[in-house]
Amino acid sequence: MVNRATEEIEEEVKVTEIGEKDKKYGIKNFPALIINNDIVSEGKVLTVREIKKLLLSY
C-alpha cells in the first residue's frame, strides 16, 4: 500500500521494511509506518488514502 501511495503522489520516497525484531524504533504493534524517523501509525492497517495524507503532511 505504501508503494501505491507514493506512486499516486508522484514523490520519490525511500521505502524500507523493518522486522519485528528491530528494536530501534520501539514499535510495540505491527504494522507500523515511520516517516522521517517518526512513528506515525502503529497497529493499524492504513488505506492508501491515509498513507498519502501522512506522507504529504511531512
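## Lys44 and Glu50

Lys44 comes in at 44% relative accessibility, so it counts as partly exposed (buried is under 20% relative accessible area, exposed is over 50%, and partly exposed lies in between, using a 1.4 Å probe and protein chains only). Its partner is Glu50: the two form a salt bridge, with the closest N and O atoms 2.9 Å apart. To count as a salt bridge here, a side-chain nitrogen of Lys or Arg has to sit within 4 Å of a carboxyl oxygen of Asp or Glu. Glu50 is partly exposed too, with a relative accessible area of 28%.

Before going on, a word on the model: it is predicted, so local features need pLDDT of at least 70 and side-chain atom pairs count only at pLDDT 80 or more, while totals for chains, interfaces and linings use all residues. Residues are numbered from 1 along each chain as its sequence is written, and side-chain values use heavy atoms, with hydrogens and water left out.

## The Glu8 network

How many salt bridges does a search of the whole structure find? It turns up three. Arg4, Glu8 and Lys52 are tied together in a network of them.

Take Arg4 and Glu8: their side chains meet at 3.2 Å, N to O. These two are four residues apart in helix H1, which means about one helical turn separates them. (Helices are DSSP runs of H or I with at least four residues, strands are runs of E with at least two, and both are numbered from the N terminus.) Glu8 also meets the side chain of Lys52 in a salt bridge, at 2.9 Å, N to O. That pair links distant parts of the chain, with Lys52 in helix H2 and Glu8 in helix H1, 44 residues apart. As for accessibility, Glu8 is partly exposed at 39%, and Lys52 is partly exposed at 23%.

## The two faces of H2

Helix H2 runs over residues 48-57, and its buried residues include Val48, Ile51 and Leu55. Why do they end up on the same side of H2? Because they cover an arc of only 60° around the axis, where the arc is taken from the directions from the helix axis to the C-beta atoms.

The buried residues of H2 pack against helix H1 (2-9) and strand E1 (32-35), with contact meaning heavy atoms within 4.5 Å. Turn to the face pointing away from that buried side and you'll find the exposed residues Arg49, Lys53, Leu56 and Ser57.
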